[in-house]
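The following note is meant for a reader new to this structure. Please read the numbered points with the sequence and the model in view.

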Amino acid sequence: MEPTSTLVSIAFAHNELNYSEQAMGGTCSGVPHIVAAIGLVAALPFSAAEQDDRLHCATPPGISGGRLVSVSRFEPRTLNWVVASDMGSREVLQFLMADLIHINRDTQKPEPALARSWTVSADGRHWVLDLRRGLQFSDGHPFDADDVLFTFQVIFDERSHSPQRDLLTLEGKPIAVRKLGQYRVAFDLPVARAVADRLFDRVYILPRHKLEAACKAGRIAAAWSLSTPPSEIAGLGPFRLKSYTAGQQTTLERNPHYWKIDAAGRVLPYLDEVTFVVGGSEDNQVLRFQNGESDVINRVSAKDYAVLEAGQSRRGYELRDLGASMEVAVLVFNLSDLPASTSPELRLHQSFLRHKSLRQAISAAIDRAAIVRLVYRGRATALAGPVPPGNHEWLNTRLPSPVRSLDRARQLLTADGFQFRNGQLFDRAGKPVEFSILVSNSTPERQQVATMIQDDLKPLGIRVNLVPMDFPSIGERLTRTRQFEAAMAGFATPDADPNPDLAIYLSSGGNHLWNPSQKSPASPWEAEIDDLMRRQQVELKYGERKRLFDRVQEIMAQNLPMIPLVSPNILVGAKRNLGNFRPSLLEPHTLWNLDQLYWRSPGAGGR
Amino acid sequence: MTRRVRIAAGVLFALHAVVLLAGFFAPYDYDEQHRDYPYAPPTRVRMFDPQGRFHLRPFVYGSVQKLPSGEYREDHSRIYPVRFFPDGRLFGVADPGVLFLCGTDGFGRDVFSRVLYGGRISILSGLLATLIALTLGTIAGTLAGFYGGWMDRVLMRTGELFLALPWLYLLLGIRAMLPLHIQPGQAFALVVVVIGTMGWVRPARLIRGMTLTARESAYVLAARGFGASSVYVIRRHILPMTWSVILTQATILIPQFIRAEVTLSFLGLGIAEPMPSWGNMLAEARQYFAIVSHSWMLAPGFALIPLLLGYLVLADSLLAAGASDANQDS
Amino acid sequence: MKYALRRLLHGVVLLVGISMASFVFADLAPGDYFSALEQDGRVSRELIGGLRSEAGLDRPLPVRYAAWLASVVRGNFGYSLAYRTAAGPLIRERIGGTLLLTGTATICAWLLAIPLGIYHARRRGSWQDHALKLAAAILLATPELLLAIVLLVLAVQTGWLPAGGMHSTGWESLSAVERFRDTLRHLVLPVAVLLLGMLPVLQRHVRAAIAETLDAPFVLAARAQGIPQRRLLFRHVLPAAINPLISLFGFSLGSLLSASLLVEVLVGWPGLGPLFLDAVIARDFAIVLGVVLISAATLIVGNLVADLLLYRADPRIRIR
C-alpha cells in the first residue's frame with residue numbers, strides 16, 4: 001500500500017496521468033483525485049459514494065431512445081473476446097465489454113474507465129489501479145478485483161491460445177497481476193515501458209462468475225460461441241447482447257447497469273438498441289447507407305464517397321473526410337536470406353533489389369501525386385516515411401517530401417553500375433532487371449496502386465510482373481516461406497504511439513517484413529534502429545523519445561527496405577439526425593462513443 | 001443455311017477478326033495510361049462544327065477535366081480531325097487530342113482498345129478450354145460407348161466425381177502455388193486448361209450416347225463382319241457419326257467457357273494486370289460507383305452479348321439440322 | 001427399389017471420393033487459416049504454432065481425414081476454425097435461407113417455363129417465336145452477376161426494393177402478415193436474378209421437347225380424330241415430351257443448394273453463399289468441405305429422383 005503523499009506526487013509527475021485537465025472538450029473525465037479522497041474520507045452514505053464512482057461525462061446531454069443500425073462487411077464469428085481475432089467479432093464485442101483504462105479516441109489520451117485512478121512507481125514498472133466500486137455486470141452481478149485477476153489469468157492461460165497474450169507480453173515475459181484489495185489491483189511489468197497505461201486499452205474485463213467453470217475445465221476457448229444464449233453473456237459495456245441471427249444481424253440492447261452518467265445525471269447509453277447488419281460486400285454497405293437502411297457508414301473508399309457525396313442533402317445524411325489516417329500503404333521488399341529450395345529466378349530478382357540504389361530509384365520514379373489523384377480521388381496523402389501524417393505527435397516533418405524525378409532515378413542507377421539499352425535496364429552482369437509484386441485479391445485499391453507503379457517503372461526500363469493472390473497465400477509467403485520479391489502491404493497502427501509497432505522496426509520482430517525474426521541485425525542501419533527503438537521504449541520523456549524516433553524514420557527513408565507510398569484519408573458518414581457524432585481517426589472511427597450517441601428528433605432512426 | 005445462320009456466322013466472323021487484329025483496329029495500346037483523363041466519358045465524334053458547317057472528315061473537340069468534381073467538358077476552341085491509318089492503326093487523333101470511343105477507366109486507359117485486346121483473352125480462353133474439354137470428352141465418350149462394360153462404368157463414375165468437385169478451391173490452390181516469374185498469360189492459360197479439363201463430362205455423356213447408337217448401326221456391324229479392328233471402326237465409322245454432336249457441343253461450350261472466364265475474373269482468378277480481358281474489365285465495372293457514375297465501362301458486356309448470341313444461334317441451327325437429320329434417318 | 005439402393009450406395013462412394021479429393025486440393029494451396037493471423041506481427045510464432053497444433057493442422061493428411069470422417073459420422077462435419085464450433089450446425093442454420101431463395105426461384109421458373117414453352121412451340125416460325133428466342137438468347141448471354149448488380153442499383157435508385165438482406169431490421173416486432181410481406185419484398189430481387197438465369201434454359205428445352213412431340217405422327221392422328229387442343233396438349237403431348245424435362249427437373253433439384261451462392265453474396269442474402277465464400281477465402285476448411293458435400297449429395301439425390309421418375313413416367317425406358 002503506497003502512502004497518499006507518494007500517490008499524489010507520482011500521479012502528477014507523469015503528464016499522461018494529469019487527467020484532471022481533460023475535463024474540458026466534452027470528454028469523459030475521471031472525478032479528480034482530491035474530490036474522491038474527500039468523498040471517501042467523509043462519512044457519506046453508501047449510495048452517494050457509489051454514485052460518485054460512476055464516470056461523469058461532460059458531453060452535452062442527449063435524448064434517450066431509438067435504435068441505431070450499422071451495416072458491416074463481416075459477421076461476428078465468436079462472442080469470446082479472448083480468442084476473437086477477426087474484425088466482425090471485435091466490432092460487436094467492443095460494445096459489450098469495458099476496459100480498465102481507455103484511450104479517448106478524440107484526444108488520443110488514456111482516460112480512467114473501470115479503473116478510477118492509478119499510480120505508477122518511479123521506475124515505471126509497478127502500476128496500482130484503483131477500481132470503481134459498486135459497479136455491476138450487465139446481469140446484475142457485482143464487479144471487483146477478482147474479475148480483473150480472472151481476465152488476466154484467462155489471457156495467459158496456455159489452453160486459450162489467446163492472441164491478446166502477446167500484446168501483454170513484454171520482452172517475452174508476461175505482465176504479472178496481483179490483488180491488493182477488493183477494489184485494488186497491482187500490475188508488475190517485467191521491464192519498464194513508456195506510456196504503459198496505453199497497454200490496457202481494449203483489454204476487456206470478463207465476468208468470473210460466468211466463465212470460471214469453463215476456464216477450470218480447460219474449455220475457455222470454446223466458451224461464448226455464437227450459439228450461446230444471451231442470458232449467459234455478461235459484460236461491463238454500454239450494451240448487452242439481445243439476439244443473434246445467423247448470417248443476418250446481431251442486435252444489442254441497452255445495459256441497464258452501465259456505469260457512465262451524463263452531466264444531467266442520466267445513465268448512459270441513450271440508444272435503446274444497436275443492430276449490426278451483415279452486408280457482405282462494400283457495395284452492399286454503400287447501397288444500404290444510401291437507401292437509408294443503415295445510419296452510419298464506417299470507412300468508405302474514395303470512389304464510393306464521391307457517389308454518396310452527390311446525394312448528401314437530399315437523402316438526409318452527411319459525409320465527413322477526417323483527413324489523413326493512421327494507415328500506410330507500402331511496397332515491401334524481401335531482403336532476407338532465401339531458403340535453399342528457392343528458384344534461381346527468385347534469387348536473381350532479389351539480387352537486384354538488394355541494391356539500395358535500385359530501391360531508391362524505384363521510390364523516386366513512383367508518381368505518388370498521381371496515385372493520390374487517381375486511386376484515392378485526392379483523398380490521401382503521399383508519404384515520405386513509414387509514419388502516417390495522421391500521427392501528428394510522432395511524424396518526422398523534416399523528411400524531404402517525395403517528388404517524382406526520373407532523372408534522379410536514372411542518376412542513382414547509372415552511378416551504381418546499371419545500364420540502359422534499348423529501353424531496358426540491365427545490371428552490371430548484363431541481366432535484364434525485372435521483378436514481381438505480390439498483391440492481395442481482396443483490396444482493389446492496392447491492386448490499382450500496384451498497376452500504377454508498374455506503369456511508373458516502365459520509363460526506367462524495369463519490367464514489373466503483378467501477381468494477384470489470395471490473402472492467406474500471401475501471408476504464407478511473407479511470413480513462413482519467404483518466397484517473394486516485393487509485395488504490396490499496409491500497416492494500420494491502432495495507436496499513435498510507436499510502441500505497438502516495435503515488431504515492425506526491431507530486427508527481431510515478427511512484423512519486420514523485409515527480414516523478420518533475425519537473430520542479430522543483418523545490417524548496420526538495422527542495428528542502429530534496434531538500438532534507437534529500445535531506448536525510446538524505456539525513455540519516459542516524450543521529447544527525447546520523439547528525437548530517437550525521428551532518427552529511426554530518417555534511417556528508414558534512406559535505406560528504403562519498404563517504400564512508403566500513400567496514406568488514405570478516413571471517410572465516414574452518418575445521418576444528420578445523429579447527435580454527438582464525433583468521428584475519430586482511431587478505430588472504431590464512427591462508433592467509439594456509441595454510449596453517447598443519440599437521435600436528435602425522437603423517433604427518428606429505429607424502424 | 002438459313003439467312004439467320006448466315007447473319008450469325010457473319011457477325012461472329014467479324015467479331016473474331018476485329019479482336020484478332022486488335023493491334024490494327026484499336027487506336028491505343030491496352031496499357032497506355034492517360035493520367036490526365038481518368039474515367040473520361042466517351043468522346044463525341046462530330047461532323048458538324050459550332051457554326052453548323054458539315055465536315056467530311058469527322059472530328060473531336062479537346063477534352064478538359066474540371067477538378068475537383070472530376071467531370072469533363074468539351075473545349076470547342078480545339079479541334080482534332082480524325083486521322084485514318086496513322087502509323088499502323090486504323091484511326092486515331094493527333095496528340096494532345098484524345099479519341100476515347102468508349103471512354104476510359106480509372107487510369108485513363110481507352111476502354112474501346114481494351115475491349116478489343118481483351119476479347120483476345122476471353123475468346124481464346126473459351127476456345128482453348130472447349131478444345132480441351134471436347135478432346136477429352138470425345139476420347140472418354142467414345143471409349144465408354146464403344147467398349148461398354150467396366151470401362152463405361154468407371155468413366156461415368158469418374159465423370160460424376162468431376163462434376164461435383166470444388167473447382168474453385170483447386171484453382172485458388174494452383175494459382176497460389178505457381179512460381180512468381182511466370183508471366184500473367186501463362187498463369188492464366190494454366191487456369192483455363194484446368195477448367196477445360198474439368199469440363200469433359202457433359203460432352204463425354206453425349207458422345208457416349210451417340211457412340212452407343214452408332215455401334216449398333218449397319219455399317220459398323222458389317223465392318224466387324226469382315227474383321228475390322230476396333231480402332232479402324234472407331235476412326236472410320238463412329239467418329240464421323242459423332243461429328244455433328246461434337247460441333248454442336250462446341251458451339252454450346254465456347255460461350256459457356258467465355259462466361260466462366262468472366263466468373264473467374266469476378267473471383268480474382270482472372271488474368272493479371274495490365275492485360276485486359278472482358279472478365280476483369282467487367283469485374284471492375286460492376287462495382288456500384290462504376291455503374292452509377294461511369295457506366296461506359298460496361299462496354300465489354302455489349303461486346304460479349306452479341307458474341308454469345310451468335311454462338312447460340314449457330315448452336316440452335318446445328319441442333320435443328322441434327323434433329324432433322326435424325327428424323328430423316330428414322 | 002434395389003436400383004435405388006444401388007444408386008444410393010454409389011452416391012455414398014462418390015461423396016467419399018469427393019471429400020478425399022477436396023482434402024488433397026486444400027493441401028495444395030500454401031497457407032492455412034492461421035496464415036492471416038501471422039501477418040499481424042504482434043502475435044508471436046509460438047502462439048500461432050500452438051493454435052496450429054491445437055487445430056491438428058500439423059498432423060499428416062490421412063490422420064486429419066480420418067478425424068474429419070469420424071466427425072461427419074457424429075453429425076458435426078468437422079470443426080470450424082473461424083467460428084470455433086462444429087461446422088455442421090453452422091451449415092444447417094443457413095440451409096433454410098438458401099432453400100427459400102432457390103426453391104422459390106425454381107418453382108417460379110418451372111411454372112413460367114412450361115406455359116411459355118408450350119406457347120412458343122405452338123407458334124413456331126412466327127415473329128413471336130423469333131422475338132422470344134432473341135430475348136431468351138440475350139438473357140442466356142448475360143452474365144448473371146452483372147445482371148444482379150444492375151438490378152440492385154435500379155432497386156436502390158428507385159427505392160422500390162430493399163438493398164439486400166432477408167429481413168428489415170425490426171422484423172421481430174412485426175406481425176405475421178407483415179413479416180411475410182417483408183420477406184417477400186426482400187425475395188423479389190434475388191429471385192428475379194435467378195429466374196432470369198434459369199428461365200431461358202428451361203423454356204428452350206420445354207419448347208424443343210414439345211415441338212418435337214408435336215411433329216410426331218400420333219399427334220397428327222389424334223388431331224385427325226378431332227381431340228380438342230387443350231386435351232391434346234395435356235393428355236397426349238405433355239406426357240410424351242416429359243422425358244427430357246424430367247432429367248432437367250432432376251438437375252434443377254440437384255442444384256438447389258449451389259445455384260445461388262454468388263447471387264447471395266452480392267445481395268447479402270443469409271444463406272450458404274456468404275458462409276461458403278468467406279470460408280474459401282479464409283481457408284476454413286471444415287465449412288468448405290461441408291458445403292461441398294451437401295451440394296454434391298443434393299446433386300446425387302436430384303439425379304436419382306429424376307431417374308426414378310423417368311422409369312415410372314416413360315414406359316419406353318427400361319433399365320438394363
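**Notes on packing and interfaces**

1. In chain C, helices α5(C) and α10(C) cross in a right-handed manner (left-handed if the near helix is turned anticlockwise from the far one by less than a right angle, right-handed if clockwise). Helices (H or I, at least four residues) and strands (E, at least two) are DSSP runs, numbered from the N terminus. The model is predicted: local features need pLDDT of at least 70 and side-chain atom pairs count only at pLDDT 80 or more, whereas totals for chains, interfaces and linings use all residues. Residues are numbered from 1 along each chain as its sequence is written, chains are lettered from A and ligands numbered from 1 in the order in which they are written, and side-chain values use heavy atoms, with hydrogens and water left out.

2. How far apart are the axes of α5(C) and α10(C)? Helix α5 (residues 87-122) of chain C packs against helix α10 (residues 229-254) of chain C with 12 Å between the axes and an angle of about 130 degrees. Axes are lines fitted to C-alpha atoms, for helices over the stretch in contact, and angles run from 0 to 180 degrees between N-to-C directions. The two helices, α5(C) and α10(C), are therefore oblique to each other (under 35 degrees is roughly parallel, over 145 roughly antiparallel, 65 to 115 roughly perpendicular and the rest oblique). On the α5(C) side the contact (heavy atoms within 4.5 Å) is made by T106(C), W110(C), I118(C) and R122(C). The α10(C) side contributes Q229(C), L233(C), L245(C), L248(C), F249(C) and S252(C). By class, the contact of α5(C) with α10(C) holds 6 nonpolar, 3 polar and 1 charged residues (nonpolar: Ala, Val, Leu, Ile, Met, Phe, Trp, Tyr, Cys and Pro; charged: Asp, Glu, Lys and Arg; polar: the others, Gly among them).

3. Helix α10(C) also packs against helix α8 (residues 176-214) of chain C, where the axes come within 9 Å and cross at roughly 145 degrees. This crossing of α8(C) and α10(C) is right-handed. From α8(C), the contact includes L202(C), V206(C), A209(C) and I210(C); from α10(C), it includes V237(C), L238(C), P244(C) and L248(C). The residues of the contact of α8(C) with α10(C) comprise 12 nonpolar, 2 polar and no charged.

4. Helix α3 (residues 111-147) of chain B and helix α9 (residues 230-266) of chain B cross at roughly 145 degrees, and their axes come within 7 Å. The crossing of α3(B) with α9(B) is right-handed. In the contact of α3(B) with α9(B) there are 17 nonpolar, 8 polar and 1 charged residues.

5. Chain C touches chain A through 47 residues of chain C and 51 residues of chain A. Together chain C and chain A bury about 4,200 Å², 50% of it on carbon and sulfur atoms (buried area is the accessible area, with a 1.4 Å probe, that two parts lose on being put together, summed over both). In chain C, the residues that lose the most area to chain A are Q39(C), R42(C) and T169(C), together 17% of what that side buries. There are 2 salt bridges between chain C and chain A (a side-chain nitrogen of Lys or Arg within 4 Å of a carboxyl oxygen of Asp or Glu). R94(C) forms a salt bridge with E75(A), with 2.4 Å between the closest N and O atoms.

6. Between chain B and chain A, the contact takes 30 residues from chain B and 36 residues from chain A. The area buried between chain B and chain A is about 2,700 Å², 53% of it on carbon and sulfur atoms. R35(B), L180(B) and Y288(B) supply 32% of the area that chain B buries against chain A, more than any other three residues. This interface of chain B and chain A has 4 salt bridges. R35(B) forms a salt bridge with D456(A), the closest N and O atoms lying 2.9 Å apart.

7. Over all chains, the count comes to 60 salt bridges. Within chain A, the side chains of K179(A) and D146(A) meet in a salt bridge at 2.8 Å, N to O. K179(A) lies in strand β10 (residues 176-181) of chain A and D146(A) in helix α5 (residues 145-156) of chain A, so the pair ties together parts that are 33 residues apart in sequence.

8. Some backbone details deserve a look. The peptide bond from L268(A) to P269(A) is cis, with omega near -5 degrees, and P269(A) lies in the loop between β14 (260-261) and β15 (273-278) of chain A. Another cis peptide bond joins E587(A) and P588(A), with omega about -15 degrees; P588(A) sits in the loop between β26 (578-579) and β27 (598-599) of chain A. In chain C, R84(C) has a positive phi of about 55 degrees although it is not a glycine, and R84(C) is found in the loop between β1 (79-80) and β2 (85-86) of chain C.
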